[in-house]
Amino acid sequence: MQVNRGLFKLDLVDHHAILGVPLDADAKQVRKRYLKIARKLHPDSLRTATDEQKQQASELLSKLVNPAYEVLSQEKSSVEHKVSLKLKGQQLQSQPSLLALSTDHLKKVASSNNIEYAYSNALKPLALEQYESLEDVVDAIGEISELNAIYVMRQGGAPGQIEAGKDPQPSTQEGGGAANDESSVTVMSSRERRAQLIESFINRAKEFEYKGNFSRAIIELREAVKAHPQNPKCHAELGRMYMRSKQLTMAGIHAKRALELEPDNEMAADVKKKLDTYNRRNPPPDAPSTGKRPSKGPKKPSGGSGLFGGLFGGKKRK
């Protein structure tokens, strides 16, 4: 029971598509939709179904529907999921070839001058029929996820597309044709677009860093490196974040890569300098002897002092 369309193809479980709710659905809408689906998949509603169909309904409920509801019904996990959706939208902006649309109807939605209206109108009939046939549920989820992928890509204000929240209404000019797209789009160079996307990844990572959530910040920066593997700033930021989380080997790998791409990158050089200092103070047990007898044993970082104390500003993670 695997979905391989839309946002699922980008390694994201599209919980909104599973429940058939719009991406801006609130907790009340999510609960109402979940209860409706749960009733459809409950054994009492499937008294005339075959054993195979009942088993299929049970798996849909336990493996897809229940987990989706758990994520979208809780504020923290719902916010994190929306962040992931935004990042996938940015990824699709930079790599639109990743989005393969299966129907002509979805292609029309993708090129619509009013994405809000087109998205809402396309979602309603799909959600209405989504759980009517157990055999078609997975395909329905996939089609809704393709629709969601279109929406998050368009909502990011991709170059050559209409800005988020500012989609013009279809033109009422004589002839009934839509207004010329060139008058309603913001065009960026590929370099400007790339810089904007990189900054969005980094800024989001810094928000998590400020909250002390280094693991989540690392995830954001790994996405940045994955999307822009030749960008030294992405590697330098990821190296710094790995060092903050005390994953020194990974910090060294990305600092080294950043310096290979940009030898005068100050952030990567600073990470490398701190790592070199730490390694000198804490040589591995099997390191060759220098022949000199140190006056004091190697210093170990503790509390708010030492290398990591200076690096982390003396604060302990809570």
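Me: What makes E52, E135, D136 and D139 a negative surface patch?
Reply: Those four together form the patch. Asp and Glu count as negative, Lys and Arg as positive, with His and the chain ends not counted. Patch members need over 30% relative accessible area and no salt bridge, and like charges are joined within 9 Å. A salt bridge here means a side-chain nitrogen of Lys or Arg within 4 Å of a carboxyl oxygen of Asp or Glu. As for E135, it sits in the loop between α6 (115-129) and α7 (137-155).

Me: Where do the coordinates come from?
Reply: This is a predicted model, where local features need pLDDT of at least 70 and side-chain atom pairs count only at pLDDT 80 or more, while totals for chains, interfaces and linings use all residues. Residues are numbered from 1 along each chain as its sequence is written, and side-chain values use heavy atoms, leaving out hydrogens and water.

Me: Which residues form the positive surface patch?
Reply: K28, K32, K36 and R39. R39 belongs to helix α2 (residues 27-41).

Me: Why is R39 called exposed?
Reply: Exposed means over 50% relative accessible area, buried under 20%, partly exposed in between (1.4 Å probe, protein chains only). R39 has 53% relative accessibility, so it counts as exposed.

Me: And V83, buried or exposed?
Reply: Its relative accessibility is 10%, so V83 counts as buried. V83 is part of helix α4 (residues 75-94). V83 and R204 lie 121 residues apart in sequence, yet 8.8 Å apart in space, C-alpha to C-alpha. Across the protein, buried residues make up 42% of the 318 residues.

Me: What makes D11 and its phi worth a look?
Reply: D11 has a positive phi of about 60° and is not a glycine. Most residues other than glycine have a negative phi. D11 is in the segment before α1 (15-19), and at 65% relative accessibility it counts as exposed.

Me: What is the phi of K246?
Reply: Positive, about 65°, and K246 isn't a glycine either. K246 is in the loop between α10 (232-244) and α11 (248-261). With 53% relative accessibility, K246 counts as exposed.

Me: How many helices and strands are there?
Reply: 13 helices and zero strands. Helices are DSSP runs of H or I with at least four residues, strands are E runs of at least two, numbered from the N terminus.

Terms used:
Patches are made of residues with over 30% relative accessible area and no salt bridge: like charges are joined within 9 Å, nonpolar side chains (Val, Leu, Ile, Met, Phe, Trp, Tyr) within 5 Å. Accessible areas come from the Shrake-Rupley method with a 1.4 Å probe; for residues, only the protein chains shown count as cover. The place of a charge is taken as NZ of Lys, CZ of Arg, CG of Asp or CD of Glu.
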